[in-house]
Amino acid sequence: MKISLGTWQIAPSDGFWTTQNRTASESVVTTAVRLGIRHFDTAQSYGKGQSEQVLSKVLSRYSSQQFSVDTKIMPSTKAVADILKVSQMRLKAVPIDCLYLHWPRSGFDNRSFLAQMAELKDFGAVQKIGVCNMPLSDLESMISNGLQIDRFQRPLSLLWTRELKETQDFCIAHNIEFVVYSPMGMGLLSGKYRQSTDLSDARSESFCFDPRCHKQYLNLLDEIAAVATANAVSMPDVALAWTASQNPGILLLGARDSKQLESDLRAVKLVLPQPDLDRLTQAAKELEKASLGVCDNIFSYNW
């Protein structure tokens with residue numbers, strides 16, 4: 001399992017992380033480099049380019065080091081090559097490893113867009129192409145229609161386990177690297193946020209606060225707390241350790257300050273007893289079951 005720094009949290013985006021400080025963001029990237037991380041995940045939409053700019057600014061200080069960055073682009077009628085140039089200008093000398101379709105759009109020809117991305121890979125502009133947040137059924141359709149996808153990225157945590165085994169099996173069968181983000185459920189598994197009113201950003205609208213899911217969410221938090229107490233660790237430690245135990249190809253860690261990143265890196269090495277992992281999985285499945293009639297993905301979106 002490769003550890004990468006995800007940079008969604010270092011730039012305010014669409015109502016998320018609205019109080020993030022740019023100085024703290026630069027410090028997070030600096031800390032990641034110091035702690036040996038050489039792979040970074042970003043997107044054009046993170047802070048409307050701010051995340052890519054922060055990465056470029058910090059990584060340019062380490063001219064002797066080799067880094068790779070994955071970035072994501074939204075579906076558009078513009079030529080993909082022209083969209084990619086925006087990221088290349090922001091990232092400057094840092095090479096783009098994987099280019100993702102960030103968010104497939106309903107009623108849009110996502111396949112043709114991905115075909116353009118594949119052409120850029122053939123030309124050597126990027127090394128890999130991937131899809132992010134795509135329903136598994138759509139990914140299956142893309143592959144069956146002849147597209148080669150190198151990476152598939154989706155959220156994975158005790159908060160969101162939907163179609164986990166099916167996705168892992170499909171990726172293995174088609175030689176697709178499985179990449180996961182938000183291993184702590186956007187911070188909602190920390191135990192700090194039991195009610196929507198505990199939050200002041202877009203996370204307050206998360207599906208887990210829907211009356212049809214809230215009871216199961218609170219039960220999940222209680223189970224995490226119990227496991228944390230039994231193992232003398234924190235609730236974030238437990239949440240991260242569970243996600244790491246699922247052994248994805250790449251685990252994206254998101255942090256808003258250096259201290260959090262250092263803690264996260266320790267937590268992913270934590271090995272919890274199997275009975276504890278099982279009780280956590282069961283509580284997550286109860287929340288998953290409750291969410292089936294509420295939304296199709298972690299952002300309370302319905303395709």
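Predicted model: local features only at pLDDT ≥ 70, side-chain atom pairs only at ≥ 80, totals over all residues.
Helices here are DSSP runs of at least four residues, numbered from the N terminus.

**Two helices crossing**

Take helix H8, residues 235-245, and helix H10, residues 274-291: their axes come within 11 Å and cross at roughly 95°. Angles of 65 to 115 degrees count as roughly perpendicular, so that is the label for H8 against H10. On the H8 side, the contact is made by Val238, Trp242 and Ser245. Across from them, H10 brings in Leu277, Leu280 and Thr281. Sort the residues of this contact by type and you get four nonpolar, two polar and no charged.

**Aromatic pairs**

How many aromatic pairs does the count come to? With ring centres required to lie within 6.5 Å, the count comes to twelve. A pair like this is described by the distance of the centres and the angle of the planes. Here are two of them, side by side.

| Pair | Centre to centre | Angle between planes | Type |
|---|---|---|---|
| Trp8 and Trp17 | 5.2 Å | 85° | edge-to-face |
| Trp160 and Phe207 | 5.3 Å | 80° | edge-to-face |

Trp8 and Trp17 are both buried. They also belong to an aromatic cluster, together with Phe16, Trp103, Phe299 and Tyr301.

Trp160 and Phe207 are buried too. What does this pair tie together? Trp160 sits in the loop between strand E6 (151-155) and helix H6 (164-173). Phe207, for its part, is in the loop between strand E7 (177-181) and helix H7 (214-231). The pair therefore links parts that are 47 residues apart in sequence.

**Charges over rings**

Lys72 lies over the face of Tyr100, 5.9 Å from the ring centre. Tyr193 has Arg203 over its face, at 5.2 Å from the ring centre.

**A serine tucked away**

Finally, have a look at Ser25, which is found in helix H1, residues 22-34. Is Ser25 buried or exposed? Buried means under 20% relative accessible area, and Ser25 has 0%, so it counts as buried. Leaving aside residues up to four places away in sequence, Ser25 touches Ile10, Gln20 and Val54.

Note on methods: Residues numbered from 1 in each chain as written. Heavy atoms only, no water. Axes fitted to C-alpha atoms, helices over the stretch in contact; angles between N-to-C directions. Parallel < 35°, antiparallel > 145°, perpendicular 65-115°, else oblique. Contact = heavy atoms within 4.5 Å. Nonpolar A, V, L, I, M, F, W, Y, C, P; charged D, E, K, R; others polar. Phe/Tyr/Trp six-rings, centres within 6.5 Å; stacked < 30°, edge-to-face > 60°. Buried < 20%, exposed > 50% of the residue type's maximum accessible area, 1.4 Å probe, protein only. Lys NZ or Arg CZ within 6 Å of the ring centre and 35° of its normal.
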